[in-house]
Every structure is written in C-alpha cells, then in structure tokens.
Amino acid sequence: MQPSTQYHRFDRTTSLITANLVGGGLGAIPALALCLGHILYNGHLTIIDDSGHWWSLILFLILIVIGIIVHELLHALGWILAGRVPFSAIKFGVDRETLSPYAHLRQPLPINPYRFGVVLPAIGLGLLPAVIGIIGNLSLFTVYGAFFTLSAGGDFLVLWLLRNDPPQALVTDHPERVGCEVLVPVDNSSK
C-alpha cells in the first residue's frame, strides 16, 4: 500500500465584493488602454454609428447580456479543454447578494489548466474583440472588448493571488468565495 500524498494548503480566495472592487481596478487599466489605443489609432471612439441611429447602442446592450453568460461558459470551456474535466464537474449559478453569475469547478485541477480557464474570458471576450475593433476601426467591438476586459478584473485578481504558486500544485475552486485553495505537495524526499 502506497502512502497518500500530503499537501500544504493555501487559501487564495477573496470575497465577491472585494473581487468586484479590487478586480474592477485591475480590469480598468487595460480596458482604458484599449479605448485609448482605439482613439489614438482611429481618431475617435463611439458606440453610436455615424448616422446617429441608436440601433448600435441597443445591439451593444443585447451583446453585453449574452456576453455575461458566455463569460462563465468560457471559464468552463477552459477547464474542460485544458484540465480535461467533464462538463458535469462544473456548476453554474448566480450569487444572490451581488447578482453576479459564476462558474464553479467541483473537482481539483492542476494549477495551470485552472489559470487557463480563469483567463480565457478576458482573452475571448475582452482582448480579441478589442484588437479587432482597433484594427478595423469598429468602435462597438473595441468598447465591447474593453467592457469585458473590465469585467474580467476579478479573474485578474485570482491570477494575481496564484502568481507565486508552483506548477505542480493542485487547486480546489472555492464554492462560495472568489478564488481557490491551493494544494502544494509536501516534499518528503529530504526525510
């Protein structure tokens, strides 16, 4: 019978309110940089089209609602692809206090696939649309990408909390707080 692996446990969580406040600051910096990049590259930035029609604002709001759902699905997709977990290992819900949607991974995962799932919405809904918007002078894309970069601030905070943890660590997503518990194997080779 082999001995079971022992782990050092580290709490890498924060409250949802702190994640929204601190994460908002972390997300605001790149979001503003994307908007500024659009203005410097194209000379202007607006979500109302040149003819003055408000259809683009209505479309933008509809896309934001859809994007909020897709954001959580992208977390799940990242964990499924990088961590090879089944879809059934992910729980979706909405926090009652803050009305924030969430995706919760219900099984341990190596830290790097977890990080990939955490950052995927920022790339897919934030950076990618914004870069397309800047290059193509498509203000709606840039503002959309900037919005979802801002909304990924809590995800940036989680990545910051995990910055010093080793690649051999496992993580257990916390069911009620933002972030996870990190499990680092104890090195018994020196005994």
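Student: In what order do the four strands of the open sheet stand?

Tutor: This is a predicted model. The pairing in the sheet is antiparallel. S1 and S4 stand at the edges with a single partner strand each, so one side of each has no neighbour in the sheet. The order is S1-S6-S5-S4.

Student: How many residues lie between S5 and S6 in their hairpin?

Tutor: S5 and S6 pair in the antiparallel sense over four bridges. One of the bridge pairs is Asp173 with Cys180, the latter in S6. The hairpin that S5 and S6 form has, between the strands, four residues.

Student: What is the bridge partner of Pro110 in S5?

Tutor: Strand S4 covers residues 109-110. Two bridges join S4 to S5, and the two strands run antiparallel. In S5, the partner of Pro110 is Leu170.

Student: Which residues of S5 make up its covered face?

Tutor: In a regular strand, side chains alternate between the two faces of the sheet. Strand S5 spans residues 170-173. Leu170 and Thr172 are on the uncovered face. The covered face holds Val171 and Asp173.

Student: What share of the residues of the protein chain count as buried?

Tutor: The C-alpha trace spans about 75 × 30 × 30 Å along its principal axes. Of the contacts with a separation of 6 or more, 68% join residues 24 or more positions apart. The chain has 191 residues, and the share that counts as buried is 38%.

Student: What is the volume of the largest pocket?

Tutor: Rolling a probe the size of a water molecule over the atoms shows where empty space is left. The lining of the largest pocket takes at least two residues from each of several elements, among them H1, H2, H3, H4 and H5. Strands S2, S3 and S6 also supply at least two residues each. The volume is about 880 Å³.

Student: Which lining residues are closest to the centre of the largest pocket?

Tutor: The lining has 38 residues. They divide into 17 nonpolar, 13 polar and eight charged. The closest to the centre are Leu16, Glu72, Ser100, Pro101 and Tyr102.

Student: Which elements do the buried residues of H5 pack against?

Tutor: Helix H5 covers residues 153-161. Its buried residues are Gly153, Gly154, Asp155, Leu157 and Val158. They pack against S1, H1, H2, H3, H4 and S6.

Student: Is Ile66 buried or exposed, or in between?

Tutor: Ile66 lies in helix H2. The C-alpha atoms of Ile66 and Ala19 are separated by 22 Å, and the two residues are 47 apart along the chain. Buried needs under 20% relative accessible area, and exposed needs over 50%. Ile66 has 45%, so Ile66 is partly exposed.

Student: Which backbone oxygen lies 3.0 Å from a polar atom of the Asn42 side chain?

Tutor: Asn42 is found in helix H1. Leaving aside neighbours within four places in sequence, Asn42 is in contact with Gly133, Ile134 and Asn137. The backbone oxygen in question belongs to Ile134.

Student: What is the relative accessibility of Asn137?

Tutor: Asn137 lies in the loop between H3 and H4. Its phi is near 55 degrees, a positive value in a residue other than glycine. Asn137 counts as partly exposed, because its relative accessibility is 34%.

Student: Is Arg84 buried or exposed?

Tutor: Arg84 lies in the loop between H2 and S2. Phi of Arg84 is near 55 degrees, a positive value in a residue other than glycine. Exposed means over 50% relative accessible area. Arg84 has 69%, so Arg84 is exposed.

Terms used: Residues are numbered from 1 along each chain as its sequence is written. This is a predicted model: local features need pLDDT of at least 70, side-chain atom pairs count only at pLDDT 80 or more; totals for chains, interfaces and linings use all residues. Side-chain values use heavy atoms; hydrogens and water are left out. On a 1 Å grid over the protein atoms alone, a cavity is a set of points where a 1.4 Å probe fits but cannot get out, and a pocket is an open set with protein on both sides within 12 Å along at least five of seven lines; lining residues have an atom within 4 Å of a point. Grid points are joined across faces, edges and corners, and a volume is the space filled by probe spheres set on the points. Ala, Val, Leu, Ile, Met, Phe, Trp, Tyr, Cys and Pro count as nonpolar, Asp, Glu, Lys and Arg as charged, and the others, Gly among them, as polar. Buried means under 20% relative accessible area, exposed over 50%, partly exposed in between (1.4 Å probe, protein chains only). Contact means heavy atoms within 4.5 Å. Two strands pair if DSSP finds at least two bridges between them. A polar contact is a pair of N or O atoms within 3.5 Å; within protein, one must be able to donate a hydrogen and the other to accept it, and residues adjacent in sequence count only if both atoms are side-chain atoms.
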